[in-house]
Amino acid sequence: MSVGLVIVSHSAKIAEGVCELAAQMAADVRLVPAGGTDAGGGAARIGTSFEKVANAITKAGQGDGVVILTDLGSAVMTAEMALEFLDEDERATVRLASAALVEGAVAAAVQAQAGGSVEDVLRAAEEAVVSI
Amino acid sequence: MSVGLVIVSHSAKIAEGVCELAAQMAADVRLVPAGGTDAGGGAARIGTSFEKVANAITKAGQGDGVVILTDLGSAVMTAEMALEFLDEDERATVRLASAALVEGAVAAAVQAQAGGSVEDVLRAAEEAVVSI
Amino acid sequence: MALDAGWAQEWLRAAARAVAENRTHLMELDRAIGDADHGENMDRGFAAVVAKLDAGPPPATPAEVLKAAAMTLMSTVGGAAGPLYGTALLRAATSLGDAAEAQPDAVVAMLSAARDGIVARGKAESGDKTMIDAWTPAVEAAATAASAGAGPGAVLAAAANAAQAGAVATDPLVARKGRASYLGERSAGHRDPGAASTALILAAAAEAAGGPG
Amino acid sequence: MALDAGWAQEWLRAAARAVAENRTHLMELDRAIGDADHGENMDRGFAAVVAKLDAGPPPATPAEVLKAAAMTLMSTVGGAAGPLYGTALLRAATSLGDAAEAQPDAVVAMLSAARDGIVARGKAESGDKTMIDAWTPAVEAAATAASAGAGPGAVLAAAANAAQAGAVATDPLVARKGRASYLGERSAGHRDPGAASTALILAAAAEAAGGPG
Ligand SMILES: Nc1ncnc2c1ncn2[C@@H]1O[C@H](COP(=O)(O)OP(=O)(O)O)[C@@H](O)[C@H]1O
Ligand SMILES: Nc1ncnc2c1ncn2[C@@H]1O[C@H](COP(=O)(O)OP(=O)(O)O)[C@@H](O)[C@H]1O
Ligand SMILES: [Mg+2]
Ligand SMILES: [Mg+2]
Ligand SMILES: [Mg+2]
Ligand SMILES: [Mg+2]
């Protein structure tokens, strides 16, 4: 098993694309997009959704820990809010990265694929250099 | 008129999503996605395409200069290759940013919307802090 | 009017009306220094709050009302204002506890808890050109009014007036948090949209209390 | 066989066959330390080169052939190998100029120009576990063979053998460029896919020359 990743973006396309890109180098890692606002029938609008993020954390978790990556500042706030609603045990296994979204996600996914701990994966995300 | 942006990503979804996100704060800026490989009829695969990038530079340019943002390293190489094929005059107005893709694109688009020069826009991209 | 569960409901309904009326105005403010969606975000969020109130059983305490509204805003606003107002109302609810109605000191404590929640969530300081620049003067004016012996309605009216003045005072500021900070110096000369919506929401609280009393 | 336009065509056709046969192998190598697409990328790219050769009029010089192949690879490979091999073949073509055929020294100069193009494009150094670790020994072996008086076929054979040895020698290296560098120390113990495809391509050049002569 491995650490899962949640990709929070204001754009559903960005979140999905980042998961596809990272999956190329991390076939066994749970990569869960949480992009755009709740669709409410139509296409997801630009924005972030507390529910999408909270659900994605649960889906990515499965007991091995989760690292969350975000794009703009309000995505960070939505993610922090979702963290506060986790129960204490689950909360202890989740980290919010301060990282470049695309670049950090690829580096984090590779680290997760290699079986790294949640701290290893967090570090990989945050240290990801721009454009290796 | 304003500086245009080209968003080069291995993923067509990421490139399109970044343009949509940046457009929210830069309604008048030419934001041109160059994501994925040539479709060749089907859906674009993960990868980068010299032709897509070269065409996007022309489309974004229109005489006011262009800043290119990229995701992973091979996107940088494709973009550099495309730059070498520009004629000297056009080449002089184009810059390749070393920046976090999503975060840099939003900052660059805001700067371009404000009428910044190609150097201003490049600086905004490269200095973009992670998650304002 | 006593600040009970009925007041809390009326507060949110009045806020929803004010936000709907000012939807275009809030969008114009956000267009100048943001992504133009603040009016749409807030209108969608408060309309969902009203729908939730309409659907649910009558709540027993103001805290219950505010908590339900907080959860709804968090899930529906979509922009920064979602987690910020969501946190504010959650903290306000916690501050009110299970009291059936709020006395002047409890109103001050509630506003202060809301403001602190926004600071905790968004890490903005006074002068950063955010909704904090409406909330902080509101909390201070409420405290001054309460210690001068004002009733709960008058405390809310003082808060609302100060929030409006605080929103106006964001005009010359340079943004240091949120999307407007991307604009740097160019953010000066525009009102912060979130400070403007805060003034509307606090005016709604005072309006629901039926004026000074 | 003289290293003329016919040889250049046959080189690329042989390379396309070798890449197609080794498609799965190259994908497995890339799966271990990359994104598993190198075999697919190269096969697609070289198939497009062959299609271009089939469609076009017979070219007059080897440089023309290599230039057309470079443009095709750049547009069709999709991965890092696209701009890298594209640049290599463009520089090789420039080095050959309008010569109708390449003598041993010109072969060395062509290989050296190709290698320098890859370095310019990818900024890798020897030992970074990239295709450079196949190209640089190939250039050196070609130079040694040429100065010992070998014919053009023998120069290419020497280059091909050295490239293969160079590819094998990437096994223990830790990657410092390209996707494999994301893996850090864990990239050791695997062959670099681009070094492996370089060995195939240079073996095809020697094969097309009909062996030492
Ligand atoms: N870090 C923060 N702290 C406090 N308030 C903030 C912060 N970031 C944004 N805001 C407030 O949110 C308002 C914008 O809300 P909204 O338009 O809904 O969000 P977004 O910027 O995500 O589109 C701003 O006008 C500002 O008042
Ligand atoms: N900066 C570089 N310099 C030289 N060669 C490189 C560089 N980056 C990648 N490569 C080569 O490219 C090969 C991978 O090619 P490919 O799989 O087509 O690209 P991608 O990594 O984009 O999927 C690597 O095995 C390596 O030999
Ligand atoms: Mg907004
Ligand atoms: Mg928004
Ligand atoms: Mg690959
Ligand atoms: Mg690839």
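This is a chat about the two ligands and the chain interfaces of a predicted model.

Q: Hi! Before we dig in, what are the ground rules for this model?
A: It is a predicted model, where local features need pLDDT of at least 70, side-chain atom pairs count only at pLDDT 80 or more, and totals for chains, interfaces and linings use all residues. Residues are numbered from 1 along each chain as its sequence is written, chains are lettered from A and ligands numbered from 1 in the order in which they are written, and side-chain values use heavy atoms, with hydrogens and water left out.

Q: Great. Where does ligand 1 lie?
A: Ligand 1 lies between chains A and C.

Q: And how many residues surround ligand 1?
A: There are 22 of them, and the closest are C:Asp35, C:Ala80, C:Gly122, C:Asp192 and C:Gly194. A residue is near a molecule if one of its heavy atoms lies within 4 Å of it.

Q: Which polar atoms sit by the oxygens of ligand 1?
A: Among them, an N or O atom in the side chain of C:Asp37 is 2.9 Å from a ligand 1 oxygen. C:Asn41 has a polar side-chain atom 3.1 Å from an oxygen of ligand 1, and a polar backbone atom of C:Ala81 is 3.5 Å from a ligand 1 oxygen. A polar contact is a pair of N or O atoms within 3.5 Å; within protein, one must be able to donate a hydrogen and the other to accept it, and residues adjacent in sequence count only if both atoms are side-chain atoms.

Q: How much of ligand 1 does the protein bury?
A: Taken alone, ligand 1 exposes 570 Å², and the protein buries 95% of that. Those accessible areas come from the Shrake-Rupley method with a 1.4 Å probe; for residues, only the protein chains shown count as cover.

Q: Which helices supply the shell around ligand 1?
A: Helix 3 (73-84) of chain A, plus helix 3 (38-55), helix 5 (81-96) and helix 9 (193-208) of chain C, each supply at least two residues. The largest share, three residues, comes from helix 9 of chain C. Helices here are DSSP runs (H or I, at least four residues), numbered from the N terminus.

Q: What about the shell by class?
A: The shell around ligand 1 has eight nonpolar, eight polar and six charged residues. For the classes, Ala, Val, Leu, Ile, Met, Phe, Trp, Tyr, Cys and Pro count as nonpolar, Asp, Glu, Lys and Arg as charged, and the others, Gly among them, as polar.

Q: OK, on to ligand 2. Where is it, and which residues come nearest?
A: Ligand 2 lies between chains B and D. Of the 22 residues around ligand 2, D:Asp35, D:Ala80, D:Gly122, D:Asp192 and D:Gly194 come nearest.

Q: Which helix gives the most to the shell of ligand 2?
A: Helix 9 of chain D, with three residues. By class, the shell around ligand 2 divides into eight nonpolar, eight polar and six charged residues.

Q: Switching to interfaces: what do chains B and A share?
A: 26 residues of chain B are in contact (heavy atoms within 4.5 Å) with 26 residues of chain A. About 2,100 Å² is buried between chain B and chain A, with carbon and sulfur atoms giving 66%. Buried area is the accessible area (1.4 Å probe) that two parts lose on being put together, summed over both.

Q: How many salt bridges between chain B and chain A?
A: Four. One of them joins the side chains of B:Glu16 and A:Lys13 (3.2 Å, N to O). A salt bridge is a side-chain nitrogen of Lys or Arg within 4 Å of a carboxyl oxygen of Asp or Glu.

Q: And chain B with chain D?
A: Here 16 residues of chain B are in contact with 19 residues of chain D. The two chains bury about 1,400 Å² between them, 55% of it on carbon and sulfur atoms. B:Arg45, B:Met77 and B:Met81 supply 37% of the area that chain B buries against chain D, more than any other three residues.

Q: Salt bridges there too: how many?
A: The count between chain B and chain D is two. In one of them, D:Arg121 pairs with B:Glu84, the closest N and O atoms being 3.0 Å apart.
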